[in-house]
Amino acid sequence: MKEKIFNPEFQVEKARKIGPETLARILKKRKSKSVLITGGKLLEDEILADLIAELVKKSGIKVIATGGSSKPLIERGINVNTCLLSHITEKLTDVNILIFVGFEPYLLSRLLSNIKHFLNVLTVSIDFYYQPNAKLSFPNCDNYGLIETLVSCLSDC
Amino acid sequence: MDINIGNGIIIDELRNITIKIGDIVDEEALRDEEWEELGPTPKPHILDLRYWDRKLLSRYEPIYMPVQDFCNLCTMGPCELTGNKEGACGIDLRTQKARMVTIACLIGASAHATHARHLVHYLIEKFGRDKPIDLGPDIDIEAPNIRLVLGIKPKTIGDLEKVLNYVEQELVRVLHTIHTGQEEDYIDFESKALHVGMLDHVGMEVADIAQIVAFNYPKGDPDAPLIDVGFGVLESEKPIILVIGHNILPARNIDDYLREHGLENKVEIAGLCCTAIDTSRYDPRAKVVGTLSYELRAIRSGIPDVVVTDEQCIRADTLRECAKMGIPLIATSEAAARGLIDRTEDDPDEIVRDLVSGNVKGVLIRDPDKVGEVAVKVAMNVYKNRKSPIYMSDEELEDLVDRCTMCMNCVFACPHNLRIDRAMELAKSGDYSYFEIIEDTCLACGRCEQACPRNIRIVDVIMKAAYKHIREKTGKMRAGRGPIKDTEIRKVGQPIVMGTIPGVIAPIGCPNYPKSRKEVSEIIEEFLKRKYIVVTTGCHAMDLGMYRDEEGKSLYEKYPGVFDAGGLVNCGSCVSNSHITGAAIKIAAIFAQRKLRGNYAEIADYILHRIGAVGLAWGPYSQKAASIATGFNRLGIPAVVGPHGSKYRRGYVGKLWKKDKWWVYDIKTKKKMEIEPCPDCLLVVAETKEEAIVQLARLCLRPGDTYMGRQIKLTHYIELSEKYLGCLPDDWHLYVRTEMDLPTKMKDRLLKILEDEHGWKIDWSKKKILEGPIRKYDAGFNPTIVEHVYDKYVR
Ligand code: SF4
Ligand code: SF4
Ligand code: SF4
């Protein structure tokens with residue numbers, strides 16, 4: 001897919017692009033310090049919700065579910081920490097790797113920008129569009145391929 | 001000594017005293033009549049309410065989400081500010097972003113204040129300074145924002161000029177502080193933004209009061225007429241004049257001209273944005289096409305016979321687009337002259353000839369009275385020549401679809417990243433249905449067309465493919481009724497403050513929605529069914545009318561227009577937002593008997609702690625929406641914005657865990673005490689409609705709720721959370737003060753959770769909470785965070 005940046009912005013520091021294998025390696029080492037933050041796209045995208053549920057089951061990563069994404073995950077038997085966007089910082093004690101998935105790209109860009117400038121944690125985006133404001137981001141990919149690979153890499157997590 | 005006779009005499013003595021005699025006389029006259037005890041801050045200057053802002057901002061911390069990592073406001077830059085670095089002038093990123101927010105609010109408030117100035121200036125010329133402000137027998141508090149902020153009671157349109165003098169002076173003062181090398185504390189910039197937001201509501205109130213009294217709009221009428229709304233209104237067998245913008249003056253004169261010449265049934269006026277809303281307040285026959293997102297669509301349809309633009313939120317390619325379609329354009333505002341020649345002084349028939357023949361693409365006419373005649377004559381002449389299919393022929397549609405290479409440039413350019421490539425791919429095999437889904441979210445901004453290497457007219461393709469679908473979205477909107485009546489406030493003041501009416505939800509602002517326009521209706525109906533009061537304005541008010549249920553009824557036909565439980569109140573256009581803050585202020589004045597005059601902090605403090613009102617800007621885009629919301633916030637009213645609202649770059653979010661932030665003085669017990677954190681945000685983004693619904697219900701909670709009110713509010717909050725988030729909310733227990741606060745139907749279950757998960761002590765024999773809540777419930781609880789308010793009431 002295109003090497004373009006969705007809704008081009010003007011960042012001086014941009015995310016390093018990584019593949020699912022790299023993220024799987026990070027997770028293997030630092031799962032207890034990581035959290036997966038899910039957004040509202042899970043409400044409208046069944047395939048994504050299925051994949052994320054599988055990812056959580058395989059990795060055992062903690063989940064903070066925003067934007068109503070708790071509902072599809074709970075329905076899939078996942079134990080989540082339900083949260084409105086306004087409460088997100090309340091939930092980030094004891095973690096320093098934040099992995100984001102399932103957000104409106106322009107909204108995620110704003111959340112990541114806040115963290116990049118004002119907090120000292122590692123942010124990773126595994127969404128479909130490259131997120132320059134993250135520290136690490138999957139490249140653009142308009143299908144579920146990268147997340148599927150991540151799930152399979154995590155099998156032996 | 002300096003003498004200025006034009007506006008009174010100014011004597012400038014050595015002691016630096018400037019006396020403006022003209023104004024002194026007026027102010028004395030206003031002061032003489034001691035209608036109410038004067039509060040501490042009449043006509044506040046920038047720093048006068050800073051103490052209140054600092055209290056708010058210490059609880060509701062500004063959080064920033066920069067769109068750029070740098071600043072380039074002056075030539076010492078651009079300065080890179082990543083990670084909160086400082087620029088060459090010493091400003092850090094956080095303070096720079098607060099400065100940007102202040103600029104956005106200034107733009108918004110200036111737009112409303114200047115709109116008000118245009119109206120007042122014109123109305124004084126037409127009706128004289130002494131035209132009384134009379135809003136009918138049920139409205140005594142004619143201008144709650146003006147009374148509260150300036151400490152005066154405007155009696156005539158002439159008095160409104162003085163109000164604007166103050167607003168404009170303050171706006172320029174704040175603008176001055178934006179210059180490089182001023183504030184270094186972001187909280188000080190935020191305080192200025194809040195000041196501007198407050199001024200904005202004053203300016204809006206001036207504009208709306210002026211037009212209501214001068215043009216005899218509905219004056220708080222809950223049964224204001226139902227207006228046709230939606231794209232389908234354009235389909236007419238008559239010539240159509242399309243008016244676009246926010247200032248009624250040209251459109252009103254078109255309407256007058258039609259009536260004076262017996263043409264009101266021969267020519268149609270259809271409008272976009274707030275001009276449409278205000279025209280329909282003036283004449284219910286006027287049609288409302290829709291919001292900003294219909295501008296390009298309406299013009300490209302080729303249906304309008306003439307387009308008349310005034311000011312604000314009008315596309316900057318309107319002349320080019322009209323010219324492509326052969327539609328003559330009449331610009332009427334100093335704010336948007338569109339490169340056109342000023343023909344204000346020319347003979348109207350000459351102008352008509354030039355426009356109809358196509359000699360000129362458009363003209364600028366600054367005299368609204370002349371616009372009436374020219375627009376009508378042009379429309380009637382152009383209509384005779386109307387032809388050609390809407391948007392394009394079927395063959396052309398196929399041809400354009402075939403041209404697409406699915407390169408996705410459009411998708412990356414689209415603010416919603418709509419998958420136009422997918423719709424095109426499906427259309428190649430004859431299935432056009434995906435365009436209907438796209439149409440529902442598409443803003444018709446045209447960014448996709450700018451990016452398309454194959455020059456496909458994507459907006460037109462979407463419209464052509466989804467035309468049947470969009471025509472069906474035509475419904476009814478209740479005409480903007482203006483203010484809430486004092487008599488209504490008398491009835492609902494108490495239940496709102498007690499909490500037995502669970503809240504007031506105010507959907508306002510622009511159409512930059514994250515998804516389907518229908519979501520606004522879905523969010524709002526959830527609250528109407530639950531007997532919240534809904535008060536709306538502007539683009540949201542229009543979109544709430546566009547969708548009908550299975551019986552063909554829009555929300556305005558299903559719910560009454562009263563300011564009471566389960567009522568759907570359309571106040572009117574953008575400037576009518578002042579009636580929403582006005583209603584909250586009136587509750588404090590009428591129900592709680594608090595004095596308004598120059599008493600801002602006390603009233604805002606009252607509203608923050610007792611009135612469960614929340615704004616919803618589901619599709620915010622404009623700077624006006626930023627200043628309106630900021631004005632809500634200074635008055636203690638939280639606002640929820642849709643995901644695009646994150647691009648305003650800042651929120652005001654309290655932290656639950658910072659226990660030292662959640663305190664009040666209780667006037668009854670004379671103690672400073674810890675309280676439950678509600679409301680815990682003043683400005684917050686929600687990503688989805690599900691999240692917005694839960695957030696809105698939550699932000700209606702107030703420390704002043706009675707146990708009955710808290711029980712009702714918690715019932716809705718918990719039910720909505722279970723319905724939309726699939727589980728109990730994570731913070732509900734914080735709001736329980738006594739077992740009586742618990743929703744009756746869920747009481748046992750919730751008590752059990754309090755015991756098991758939160759360690760509370762429960763006496764199960766009496767089903768009583770023995771230990772656990774942040775504070776105990778006290779029926780006489782009387783909270784404030786303002787010292788002078790505490791001193792005033794404590795005995
Ligand atoms: S205003 Fe300050 S931060 Fe901005 S460009 Fe100028 S010196 Fe740099
Ligand atoms: S940019 Fe044009 S050619 Fe490319 S996918 Fe979009 S419509 Fe098709
Ligand atoms: S016109 Fe519609 S599809 Fe095109 S970029 Fe704008 S919102 Fe997206």
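For the classes used here, Ala, Val, Leu, Ile, Met, Phe, Trp, Tyr, Cys and Pro count as nonpolar, Asp, Glu, Lys and Arg as charged, and the others, Gly among them, as polar. By these classes, the shell around ligand 1 has eight nonpolar, four polar and one charged residues. This is a predicted model, in which local features need pLDDT of at least 70 and side-chain atom pairs count only at pLDDT 80 or more, whereas totals for chains, interfaces and linings use all residues. Residues are numbered from 1 along each chain as its sequence is written, chains are lettered from A and ligands numbered from 1 in the order in which they are written, and side-chain values use heavy atoms, with hydrogens and water left out.

**Ligand surroundings**

- Ligand 1 is surrounded by 13 residues, of which B:Cys71, B:Cys74, B:Cys79, B:Cys89 and B:Arg99 are the closest; a residue is taken as near a molecule if one of its heavy atoms lies within 4 Å of it.
- Around ligand 2 there are 13 residues, and those that come nearest are B:Cys404, B:Cys407, B:Met408, B:Cys410 and B:Cys452; the shell divides into 10 nonpolar, two polar and one charged residues.
- The residues around ligand 3 include B:Cys414, B:Cys442, B:Cys445 and B:Cys448, along with B:Ala444 and B:Arg447, and by class this shell has 10 nonpolar, one polar and one charged residues.

**The largest pocket**

- The largest pocket has a volume of about 970 Å³.
- The largest share of the lining, four residues, is supplied by α3(B), while the lining as a whole divides into 20 nonpolar, seven polar and seven charged residues.

**Helices of chain B**

- Helix α6 of chain B (residues 186–215) has 30 residues and should span 44 Å at 1.5 Å a residue, which agrees with the 43 Å between its end C-alpha atoms; the expected span is 1.5 Å times one less than the number of residues.
- Of the 30 residues of α6(B), 29 are buried, where buried means under 20% relative accessible area, exposed over 50% and partly exposed in between (1.4 Å probe, protein chains only).
- B:Asp185 caps the N-terminal end of α6(B), with a side-chain oxygen 3.0 Å from the backbone nitrogen of B:Ile187, and the helix is followed by B:Asn216, whose phi is positive, near 55 degrees.
- In α7(B), 10 of the 12 residues are buried, among them B:Arg252, B:Asp255 and B:Asp256; B:Gly262, whose phi is positive, near 65 degrees, follows the helix.
- B:Leu123 lies in helix α3 of chain B and is buried, with a relative accessible area of 0%.

**Backbone exceptions**

- Most residues other than glycine have a negative phi, and most peptide bonds are trans.
- B:Gly77 and B:Pro78 are joined by a cis peptide bond, with omega about 0 degrees, and B:Pro78 lies in the loop between β4 (70–71) and β5 (79–80) of chain B.
- The peptide bond from B:Cys678 to B:Pro679 is also cis, with omega near -10 degrees, and B:Pro679 belongs to the loop between β21 (671–674) and β22 (681–685) of chain B.
- B:Tyr391, which is not a glycine, has a positive phi of about 70 degrees; this residue lies in the loop between α12 (368–383) and α13 (394–403) of chain B and counts as buried at 7% relative accessibility.
- B:Ala444, likewise not a glycine, has a positive phi of about 55 degrees; B:Ala444 is found in the loop between α16 (433–441) and α17 (447–451) of chain B and is buried, with a relative accessible area of 2%.

Notes. 1 Å grid on protein atoms, 1.4 Å probe; cavity = no way out; pocket = protein on both sides within 12 Å on 5 of 7 lines; lining within 4 Å. Points joined across faces, edges and corners; volume = space filled by probe spheres on them. Helix = DSSP H or I, 4+ residues; strand = E, 2+ residues; numbered from the N terminus. Polar contact = N/O pair within 3.5 Å; in protein donor to acceptor, adjacent residues only side chain to side chain.
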